[in-house]
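Dear colleague,

Please read them alongside the coordinates.

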Amino acid sequence: MSPRAGSAGNRPKKPDTLAFVESPVQLLNVLEWAHTRNLRTEEGTAPAPGAGLTLVVLSPTDPMTRGQLRRMAELARDEGYDVRWEEARGGTAAPFHTIGGLVPLLRRARRIVMGDPFSRYVQLLLTITGARDLVVVDDGTATMEFVAQLGRGERLVRWHRRGGRPGARDVLFAPVSASARRRLTPTGHRSVEVFSSMPLDSAPDGVRVTPNDFAWTRARFGPPRITRSADLVGTSLVETGVVDPERYLAAVRSLAAAHGATRYFAHRRESPEKLRRLAGETGLEIVRPDLPLELIARRGPIGRTILSFPSTVVHTLPLALAGTDVRVAVCDIDPSWLTENASPRAEGFLSGVTGTAKDVHRLTAVAHTAPA
């Protein structure tokens, strides 16, 4: 696929809305946002599919993520949306080529939709646009931290980053990050919307929160065939340096044995080495999904019980699977599992992800044992 592959011949010259995504989940949530917006037009009628929206994929280098993004891009085109694929990280000159090609679109767009306000790429693009309508769609549980940091007026830092002094790159990029934070703060002439399935109890003054109930996913797929067994959802907490790998393997082994799990849905960032070891030590079938898990589960087949550690899916799967008999159960991360490099905020953040999910979706906590 070329750097700007897609429906180039049909691309609107002046897109009303420009959306930037870097992950499959972000692209899914842009589709959910667009579906909701189409259903809520002032005239009460839905406009033509894809009207005025151009999706820009800032492609990463990770093969698994790229594969899922390509599949999601196909779905977006099927829905009538224009997709512009950018090899944004394909070499030293790639960022300059990408940004240079996007400048005309950025200056014309009335609305900017983004999936990751923590992304330096996105923050840099925000300094170019004059759009007065900004929308942040879910990038998983990081949305909760973004809203909290914006409300406190803090610099935008991912929750799993270790505390301490900023590095040299952080210092160099600080003016851009500060500018992006100011642009993401509502003013009299600029609106900010957060489209989220996360439990956002409060938002900064002027930020409009729109709930994401996965209406597009439920209308487009399913209902799924439900199996008698349990499925386990993997996490990249080991890869991000938050959880000790031996503790994680012990917990997965314990959960699989206690609940009769047969399949392990791997996170796209989990390392092949860890997955091979999991398969060998637990007997689980390792599944590497080609689409976000919300779509995989909705299409089925899916286990009657889905076991997960604290992650986005404990909030999103109950919404995507609403009306089915699937039960989603969440396993807490024991503080002893955290590595010495884990951020000081990690324990509280992960506990909050689990706690709010149980309150909102009445999930069942599962017992686990993880010997040292």
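Rings of Phe, Tyr and Trp (for Trp, its six-membered ring) are taken to pair if their centres lie within 6.5 Å, with planes under 30 degrees apart counted as stacked, over 60 as edge-to-face and the rest as tilted. This is a predicted model, in which local features need pLDDT of at least 70 and side-chain atom pairs count only at pLDDT 80 or more, while totals for chains, interfaces and linings use all residues. Residues are numbered from 1 along each chain as its sequence is written, and side-chain values use heavy atoms, with hydrogens and water left out.

The structure holds 4 aromatic pairs. One of them joins F118 and F146 edge-to-face, at 6.3 Å centre to centre and 85° between the planes. Because F118 lies in the loop between β4 (111-114) and α4 (120-126) and F146 in helix α5 (residues 142-152), this pair ties together parts that are 28 residues apart in sequence; helices (H or I, at least four residues) and strands (E, at least two) are DSSP runs, numbered from the N terminus. F118 is buried at 7% relative accessibility, and F146 is buried at 1%, where buried means under 20% relative accessible area, exposed over 50% and partly exposed in between (1.4 Å probe, protein chains only).

F309 and W337 are also paired edge-to-face, because their ring centres are 6.2 Å apart and their planes at 75°. Both F309 and W337 are buried, and together with Y248 they form one aromatic cluster.

Best regards
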